[in-house]
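This report describes selected helix contacts and loop residues of one structure. The sequence and the model are shown first.

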Amino acid sequence: MTMRESYLLLLCDYGRRLITDRLTTGTGGNLSIYDRGRNLIAITPSGKAYEQLTPDEISIISPKGKHIDGQSPSSEWPLHTAVYLERPDINAIVHTHSRFATTFAILRQPIPACHYLIAVSGSSQVRVAPYATFGSDELAQQTVASLEKDNCILMANHGLLAVGTDIHKTYNIALYIEEVAELYYYARAIGTPALLTGKEMDAAHERFKTYGSKSSSGIDL
Ligand SMILES: [Zn+2]
């Protein structure tokens, strides 16, 4: 049983968007889609430039990490399989080293409720998971444990992990959190940011629930 062609094309398209949206450079970051019906994971391959990526090069692995087709999977495959195992609600993962989110990951400081768009995280802040070597099981386990039920988390001295029900929503979470991180960085640089209260964030979360059902991305505010 093979992976749906549409999923392979989507990973190529969103891989290229990582570059054009400046969420990564070179071969950094990785993306995956889990087809739960076929029980197969499509993940971007290791060390391949996104600009030249073709659907037949996308790596297909089992949920236990067995290589089935395409090129060798991203070295971060244990992180992807660990998320899919722990979170039955998740079918797509976007991992980036985007500049502003990673700046806060290096400071090991969460991104607080400085803008209502932080609500796409599923929480009122983006927390920081502990550091471990890239590609390690330790990193996978620690990051999944820290993620809990949220849609994204900073990985200390590494980058950002976004998870969602489909690749479109998940990519937008990574994009919006990078935007919020950039705004928070600039606000901190010239003053003391005012943060939204718990009540204000509750209202934002409520609005997202309503808007989410009307749009394909769920978060196109
Ligand atoms: Zn990484």
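Which residues does Ser46 touch, not counting residues up to four places away in sequence? Ser46 touches Ser72, Pro73, Ser74 and Ser75, where contact requires C-beta atoms, placed from the backbone, to lie within 7 Å.

The model is predicted: local features need pLDDT of at least 70, side-chain atom pairs count only at pLDDT 80 or more, and totals for chains, interfaces and linings use all residues. Residues are numbered from 1 along each chain as its sequence is written.

**Loop residues**

Ser46 belongs to the loop between β2 (40-43) and β3 (59-61); strands (E, at least two residues) and helices (H or I, at least four) are DSSP runs numbered from the N terminus. Between the C-alpha atoms of Ser46 and Ile190 there are 40 Å in space, and the two residues are 144 apart in sequence.

Most residues other than glycine have a negative phi. Arg108, although not a glycine, has a positive phi of about 55°, and Asn157, also not a glycine, has a positive phi of about 55°. Arg108 is located in the loop between α3 and β6 (128-129), whereas Asn157 occupies the loop between β7 (152-155) and β8 (159-164).

A residue is buried if 20 or more other C-beta atoms lie within 10 Å of its own, exposed if 12 or fewer, and partly exposed in between, with C-beta atoms placed from the backbone.

| Residue | C-beta neighbours inside 10 Å | Class |
|---|---|---|
| Ser46 | 16 neighbours | partly exposed |
| Arg108 | 13 neighbours | partly exposed |
| Asn157 | 15 neighbours | partly exposed |

**Helix packing**

Helix α3 (residues 99-107) packs against helix α5 (residues 167-190) at an angle of about 65°, with the axes 7 Å apart. That makes α3 roughly perpendicular to α5, a class that covers 65 to 115 degrees, with angles under 35 counted as roughly parallel, over 145 as roughly antiparallel and the rest as oblique. Axes are lines fitted to C-alpha atoms, for helices over the stretch in contact, and angles run from 0 to 180 degrees between N-to-C directions. Phe100, Ala101, Thr103 and Phe104 in α3 meet Ile177, Glu178, Ala181, Glu182 and Tyr185 in α5. The residues of this contact of α3 with α5 comprise 6 nonpolar, 1 polar and 2 charged; Ala, Val, Leu, Ile, Met, Phe, Trp, Tyr, Cys and Pro count as nonpolar, Asp, Glu, Lys and Arg as charged, and the others, Gly among them, as polar.

Technical notes. Two residues are in contact if their C-beta atoms, placed from the backbone, lie within 7 Å.
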